[in-house]
Amino acid sequence: MEAAGAAEDAARAAAQAEAPPPGTAAAAPRRLLALLGDKLCTWHILKTILLGQMLSLFICGTAVTSQYLAEQYQVNTPMFQSFINYSLLLLVYTTMLAFRTGGDSLLQILKQRWWKYILLGLADVEANYMIVKAYQYTTLTSVQLLDCFGIPVLMALSWFILRARYRLIHFIAVAVCLLGVGTMVGADILAGRQDSEGSDVVIGDVLVLLGASLYAISNVSEEYIVKNLSRVEFLGMVGLFGTIISGLQLAILEHKDIMKIQWNWKIALLFIVFALCMFGLYSFMPVVIKVTSATSVNLGILTADLYSLFFGLFLFYYKFSGLYILSFVIIMVGFILYCSTPTQTAEPTTVPQPRSAGLDNAALKLDENDSETPAVTVQFTRGESVVVSTD
């Protein structure tokens, strides 16, 4: 009996030793939340969110003023509006480059990289024009969905050009953001914002895809220039060639539309607000890209359409849907997930050196070795000691 009792006591003691202490099961979720909080609630992520939403508000300002001009005053001049923005960039940043001296002066930049900046300016101008022009041919849903095509294009270009390397969480975050965009489009359809089917959907969809791809090219180039050269150089060159290209295109395509504008102080004020918002967007985007990346910025500004919608509730009497709040939350969750883990940069591959340097190079190497080998002097002294000295 005593043996049986001892065995039961030993089994009970072993069971108590193996069982987790009370409160451990409840502490595990708290520990996980604490780890997530330490990873997500950092100053870097908070700063990235605030900067990204500031850019979204700038985009919202350009969208609201453009729509107000179109609906209230029948003014549709996207190229003229872009021309004003590029002219402001020219006056501010190109002038700053003109006063520089040395290797980063305006003249030296034009001598070394003028044709690259012409292509960059052309891509930026046409991206803005194509997206705005697409609204005349296709539906709002198509523009919102197909405009997201620029994000995978941007990631692919960053992979090959900037050598960015993504992790699984980055792809999951992008998928979450795109799910938020889909929720927003569904809310638009349920709220009845799809009144028009467009005059030629195929042309409109192609314009959106081309515009999104050109935006991706412009953003990747911007990230490379900002992180390797300077923000002022990027903005100054885009302002210079953007003004020239948009001015020529304006003179060809929109001169009649500008002549039809019935100018008053309200229209002038809307043009000024648009220009200031666009100038602020172009001026601050390189700052945000330098802190984060072009892909992160493009994910963050997906909320711009939602801000425009919230303003539209009061200005254009849009119908509200709870799905808009849900889509905003989903996009922000995906954006925070993307920013929680930094991307890696692949090291450039080194070119292997040839094993045989050739007879001429071998002879040259022997000469170098001879010149680098110190002279050795051996002296015998009395007492049979040897003294070795090098010159």
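A residue counts as buried when its relative accessible area is under 20%. In this predicted model, R113 has a relative accessible area of 18% and is therefore buried. The side chain of R113 meets that of E233 in a salt bridge, with 2.9 Å from N to O. E233 is buried as well, at a relative accessible area of 3%. R113 belongs to helix α5 (residues 106-134) and E233 to helix α10 (residues 231-253), so the pair ties together parts that lie 120 residues apart in sequence.

Three salt bridges are found in the whole structure. One of them joins E223 and K227, whose closest N and O atoms are 3.0 Å apart. These two residues are four positions apart in helix α9 (residues 201-228), a separation of about one helical turn. E223 is buried at 8% relative accessibility, whereas K227 is partly exposed at 38%. Another salt bridge links D104 with R100, at 3.5 Å between the closest N and O atoms. Both ends are partly exposed: D104 has a relative accessibility of 37%, and R100 has 27%.

Nine aromatic pairs are counted. Among them, W159 and Y166 are stacked, with ring centres 6.4 Å apart and planes at 25 degrees. W159 is partly exposed, at 32% relative accessible area. Y166 is buried, at 12%. Y166 also pairs edge-to-face with F171, at 5.9 Å centre to centre and 65 degrees between the planes. F171 is partly exposed, at 44% relative accessibility. R165 lies over the face of W159, 4.1 Å from the ring centre. Elsewhere, ring pairs link F80, W263 and F271 into a cluster.

Technical notes. Residues numbered from 1 in each chain as written. Predicted model: local features only at pLDDT ≥ 70, side-chain atom pairs only at ≥ 80, totals over all residues. Heavy atoms only, no water. Phe/Tyr/Trp six-rings, centres within 6.5 Å; stacked < 30°, edge-to-face > 60°. Buried < 20%, exposed > 50% of the residue type's maximum accessible area, 1.4 Å probe, protein only. Lys NZ or Arg CZ within 6 Å of the ring centre and 35° of its normal. Salt bridge = Lys/Arg side-chain N within 4 Å of Asp/Glu carboxyl O.
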